[in-house]
Protein chains: 2
Amino acid sequence: MTEQQRRPTLMDVAEAAGVSRALVSIVMRGAPGAAEATRQKVLDAARELGYRPDSRARLLRSTRTKLLGLSFSTAHAFHAEIVDAAYAEAGAKGYELALGGVTSGRPEARTIEALLDFGSEALILISPTLSSDELARYASQVPVVSLLRNDVGDATDSVSSDDYAGIRMAVEHLVSLGHRRIVHIDGGSAVSAEPRRSAFRAEMERRGLEPAIIAGGAMEEDGMTAGNSLGPVMPTAVIAFNDRSALGVIESLRAQGQRVPADVSVLGYDDSQFARLSYVQLSSISQDAPQLAAAAVDRAVARIEGTQSAGHVVRTPHLVARRTTAAPPAGG
Amino acid sequence: MTEQQRRPTLMDVAEAAGVSRALVSIVMRGAPGAAEATRQKVLDAARELGYRPDSRARLLRSTRTKLLGLSFSTAHAFHAEIVDAAYAEAGAKGYELALGGVTSGRPEARTIEALLDFGSEALILISPTLSSDELARYASQVPVVSLLRNDVGDATDSVSSDDYAGIRMAVEHLVSLGHRRIVHIDGGSAVSAEPRRSAFRAEMERRGLEPAIIAGGAMEEDGMTAGNSLGPVMPTAVIAFNDRSALGVIESLRAQGQRVPADVSVLGYDDSQFARLSYVQLSSISQDAPQLAAAAVDRAVARIEGTQSAGHVVRTPHLVARRTTAAPPAGG
DNA sequence: TCAGGCTTCTAGATCGTTCTAGTGAACTGA
DNA sequence: TCAGTTCACTAGAACGATCTAGAAGCCTGA
């Protein structure tokens, strides 16, 4: 039943209402300069015809698109939360969001090109993988905000979470519970793995404790493998690279007959939906995705509308203590 | 350092290359009708100026946008897999994808409007929540394909998975392992909950078994609550509404001292990433998201390019047996 | 030599809006 | 009464591309 008739234009509405195109334009975008009576007449005619303004033509004329391009990775459930928050914040600021997914078969650069083609006035890239130079090239066309990654050079804005502070809190939390034998299962080559690793080393040494680090990764499997290798030198607490790794660690500990948190405490990172699962209740470091997203949108809009130059915003994460951390066993 | 200079247009390139705008247009879109030498000259000039065609202007003129609008829900990790597959299929067919997220604060209708504003030639909606009438209204403007839901009326296309067949397979699998006391923990008011529920009832009765159904839901918590209520009449197998619910069920059973699958088998639905987690290895019914996505894109493109009328495609799911289903205990 | 047919290129209209610069009428206040 | 102001409205250019129709140049063959 699809009616393939040409969709109505301003011109059609103008004719139907017996006014000029310009006046219809004024009415349609709610601009001042039309009498209430005519306004109604025009609106009625528009509704009657099922008129829908052609955004391409509209945007072509009025250079502003009020569009923010946001790239995210479909592989990270965590990114979905950011998208949510970004929609809310963008909407509040009167901007629309153009989403671009990065998948295994669709490199970041392709996604960015698509976002620019849609007419994005600024780009927000979640954990961009491009080099600083490549990012700078895009940043010369349009403001670019890197989210969750801050080593992006000076041409690109960034909004990130303070990994050092996060790990410091994690260690502080565990030490204050009485733990001293703490192991960090790291993120391998994942983004943010390096700063968390060195933050752990620095903070443990500062406290005169031994910074034991085991190679891990970002997925459950990595946490499990690493957890299995704890074996003989079982610590009383583990700080995982992220929540998913932490889940793997917990599963591995369970299989080894260790109770969490009675025998071993496990702390995640990200405070993702996995951490919040009612049967998991994972203690975790929260980067507060909604706030980060809002900050990124803020930054992008400020860059579009003002003449501010690129800057780097760093937010402090916070600890969410749930049920996987507790005091170490008496003999520990 | 963002250079706020006006971005170059066809006109600029034409002047730089010493030719007409029309010729630059020809070269830029790779159309025939330009000599190789001039073609190079134009391309060089374009590269020199950093020219990037303005898609708004281009699309305004050439009605075709080659754009498919895809709406998904940020709350369902499952949807991300569909997005992935849709990107691949659309790309192969020469189409670009415009993504629209549906969140708690952003109703489906708003997302659809945005997708249409981008110039989508067709809409693919994952599990749309709008009424058939509302869908039909959009379908009168542009082809609409409903994905994962098929009761959408005749104006809208649909691509879905056969829930009856899926549940039939689930029961068949468990029965062939020797189970007879099978419980279905349903999806409450979730999409697809009803067909799965009645399919379970019908299939069990067909086999002369009692169709025990317990109220559940789509999340881990629901599965846990339902699992806890199994108590005294412990079955030997459970078919959960979906994987997340199944995870809750498993956790609940574990807490009650039941081993999975030695004492109780648990079967999920969706074959999501949760099911595939190495420490879960959940047996599940797979709807094969990539195939469904590809079919939906196919359908949308066929509708755009051909004159086919709306149709409903139903695909048969299949069983993925992992480690949570096995023969019932000897005494069972 | 010249009609006919390529190939290569161009002028100008066009897409559906918004924007600029106005027009004309009604209303003010001295 | 009349200059000044406000209000409602309009004509036509503009945005940056594509498309149509046609021109110019060159080759071909009779």
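1. In this predicted model, the largest nonpolar core comprises 58 residues, and the members that touch the most others are A:Leu68, A:Leu99 and A:Leu147 together with B:Leu68, B:Leu99 and B:Leu147. For B:Leu68, leaving aside residues up to four places away in sequence, the contacts are with B:Ala90, B:Tyr95, B:Glu96, B:Leu97, B:Ala98, B:Ser120, B:Ala122, B:Val297, B:Val301 and B:Ile304. Another core, of 42 residues, lies apart from the largest one and includes A:Leu230, A:Leu282, B:Val280 and B:Leu282.

2. Chain B contains an open sheet of six strands, in the order S7-S6-S8-S9-S10-S12, and the pairing within this sheet is mixed. Its edges are formed by strand S7 (212-214) and strand S12 (318-320) of chain B, each of which pairs on one side only. On average, and with direction ignored, neighbouring strands of the sheet are turned by 25° against each other.

3. Within that sheet, strand S8 (residues 237-240) and strand S9 (residues 265-270) of chain B run parallel and are joined by three bridges. One residue pair to inspect here is B:Val238, whose bridge partner in S9(B) is B:Val266.

4. Helix H8 (residues 163-177) lies across strand S6 (182-185), S8, S9, strand S10 (283-286) and S12 of chain B, and runs at about 160° to S9(B). Helix H9 (residues 193-206) of chain B lies across S6, S7, S8 and S9 of chain B, and its direction is at about 165° to S6(B).

5. Helix H2 (21-28) and helix H4 (55-61) of chain A, together with helix H2 (21-28) and helix H4 (55-61) of chain B, each supply at least two residues of the surface near DNA strand C, and H4(A) gives the most, with four residues.

6. Individual contacts with phosphate oxygens of DNA strand C include a polar side-chain atom of A:Arg29 at 3.3 Å and a backbone N or O atom of A:Asp54 at 3.4 Å. A base is also approached, in that a polar backbone atom of A:Ala57 lies 3.4 Å from a base nitrogen of DNA strand C.

Definitions and conventions:
Residues are numbered from 1 along each chain as its sequence is written. Chains are lettered from A and ligands numbered from 1 in the order in which they are written. This is a predicted model: local features need pLDDT of at least 70, side-chain atom pairs count only at pLDDT 80 or more; totals for chains, interfaces and linings use all residues. Side-chain values use heavy atoms; hydrogens and water are left out. A nonpolar core is a set of buried Ala, Val, Leu, Ile, Met, Phe, Trp, Tyr and Cys residues joined through side-chain atoms within 4.5 Å. Buried means under 20% relative accessible area, exposed over 50%, partly exposed in between (1.4 Å probe, protein chains only). Contact means heavy atoms within 4.5 Å. Two strands pair if DSSP finds at least two bridges between them. Axes are lines fitted to C-alpha atoms, for helices over the stretch in contact, and angles run from 0 to 180 degrees between N-to-C directions. A polar contact is a pair of N or O atoms within 3.5 Å; within protein, one must be able to donate a hydrogen and the other to accept it, and residues adjacent in sequence count only if both atoms are side-chain atoms.
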